[in-house]
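Hello,

Here is the structure I promised to pass on to you. Have a look at it first, and my notes on what turned up follow below.

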Amino acid sequence: MGKEKLEKFYQELKRLEKGTVQRWNFGEAIENLKTSQWPQKGVYFFFDDTEAGLGDFPRIVRVGTVDIDEKPKKAKLRGRLKAHYGAKKNNGGNHRESSFRKHVGNAFINSENLMNEYPEWDKGNKRPKKLAEKELPLEQKVSKYIRNLGVVVLDIPDRDARKYIESNAIGFLSALLPKFDSIDGDYLLKKSIKDEIKNSQLWNVDDVDYKYTDDFLDKLKHWVDYSIAEYKKA
């Protein structure tokens with residue numbers, strides 16, 4: 001039953017891809033697509049073409065959203081994704097503005113024994129110019145990894161619905177991926193310093209133990225239908 005549920009999840013993302021032409025190489029999408037070509041609010045799924053998922057859709061490796069605080073900001077989805085993308089000018093970035101970048105960087109540090117080179121990677125929220133220069137080589141490695149991933153996006157204008165889909169998707173995938181679609185080989189994610197990431201096999205920490213609801217897949221289908229309909233209107 002669990003495998004069948006996971007297969008249905010992948011089928012919905014494949015339907016989203018076909019219905020919206022939103023299965024993009026992440027780096028190319030950020031560089032080439034205008035803000036108006038992205039949903040303003042939504043939930044995003046990163047996947048890795050080098051890891052086979054169920055069926056013929058690649059393995060999901062991270063789930064995220066934008067603007068779910070109690071006091072919503074005016075942040076848009078593309079702006080949030082640009083923080084993960086990093087800087088176009090030098091191919092670097094700032095992991096203090098992106099937990100995704102931070103997790104990937106920590107995995108590189110752990111896998112390549114770079115603790116002495118980057119002792120302040122996990123410290124503080126500000127980055128003086130000298131520290132930014134010192135951390136640039138690692139930020140570039142992080143950018144290269146993330147930009148080579150793919151991304152699909154659900155258009156979800158309602159904030160509560162975004163939080164519902166994000167939390168349920170992370171909990172759902174964390175429970176089923178390690179059992180039925182485990183990552184193979186010496187994959188970077190396995191080098192994470194976070195047990196939540198290694199155990200869930202997602203670049204996520206929050207909501208990995210979330211108990212997904214029985215109607216989650218029905219709700220996911222609803223938002224895939226909505227996203228496809230909105231895309232056709234554009």
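**What I found**

Glutamate 135 is buried, with a relative accessible area of 1%; buried here means under 20% relative accessible area, exposed means over 50%, and partly exposed is in between, with a 1.4 Å probe and protein chains only.

Before I go on, please keep in mind that this is a predicted model, in which local features need pLDDT of at least 70 and side-chain atom pairs count only at pLDDT 80 or more, while totals for chains, interfaces and linings use all residues. Residues are numbered from 1 along each chain as its sequence is written, and side-chain values use heavy atoms, with hydrogens and water left out.

**The buried pair**

What does glutamate 135 do with its side chain? It meets the side chain of arginine 96 in a salt bridge, at 2.8 Å from N to O. By salt bridge I mean a side-chain nitrogen of Lys or Arg within 4 Å of a carboxyl oxygen of Asp or Glu. This pair links distant parts of the chain, 39 residues apart: glutamate 135 sits in helix α5 (residues 129-147), and arginine 96 in the loop between α3 (77-85) and α4 (99-111). The helices (H or I, at least four residues) and strands (E, at least two) are DSSP runs, numbered from the N terminus. Arginine 96 counts as buried too, at 15% relative accessibility.

Helix α5 also holds glutamate 139, which is buried with a relative accessible area of 0%. Which residues does glutamate 139 touch, leaving aside its neighbours within four places in sequence? The contacts (heavy atoms within 4.5 Å) are Asn91, Gly92, Gly93, Asn94, His95, Arg101, Trp121 and Arg127.

**Two asparagines to check**

Asparagine 91 has a positive phi of about 60° although it is not a glycine. It lies in the loop between α3 and α4 and is partly exposed, at 40% relative accessibility.

Asparagine 113 is another non-glycine residue with a positive phi, here about 55°. Its place is the loop between α4 and α5, and with a relative accessible area of 59% asparagine 113 is exposed.

**A salt-bridge network**

How many salt bridges does the structure hold? There are 15. As a general point, side chains of opposite charge can pair when their charged atoms come close.

Arginine 15 and aspartate 225 form one of these salt bridges, at 2.8 Å from N to O. Here again the pair links distant parts of the chain, with arginine 15 in helix α1 (residues 2-20) and aspartate 225 in helix α8 (residues 216-233), 210 residues apart. Arginine 15 is partly exposed, with a relative accessible area of 28%, and aspartate 225 is partly exposed at 32%.

Aspartate 225 also has a salt bridge with lysine 221, where the closest N and O atoms are 3.2 Å apart. Lysine 221 and aspartate 225 both belong to helix α8 and stand 4 residues apart, about one turn of the helix. Lysine 221 is partly exposed, with a relative accessible area of 38%. Through shared partners, salt bridges join Glu12, Arg15, Lys221 and Asp225 into one network.

**The chain as a whole**

The chain has 8 helices and 4 strands, in the order α-β-α-β-β-α-α-α-β-α-α-α along the sequence. Its radius of gyration is 17 Å, close to the 17 Å that the globule rule gives for 234 residues, so the chain is as compact as a globular protein of that length. That radius is taken over C-alpha atoms, and the rule is 2.2 Å times the number of residues to the power 0.38. Along the principal axes, the C-alpha atoms fill a box of roughly 50 × 40 × 35 Å.

Buried residues make up 51% of the 234 residues. Among contacts between residues at least 6 apart in sequence, 73% join residues at least 24 apart.

One more pair to look at is lysine 163 and valine 43: they are 120 residues apart along the chain, and their C-alpha atoms are separated by 8.6 Å. Lysine 163 lies in helix α6 (residues 159-180) and is partly exposed, at 32% relative accessibility.

Best wishes
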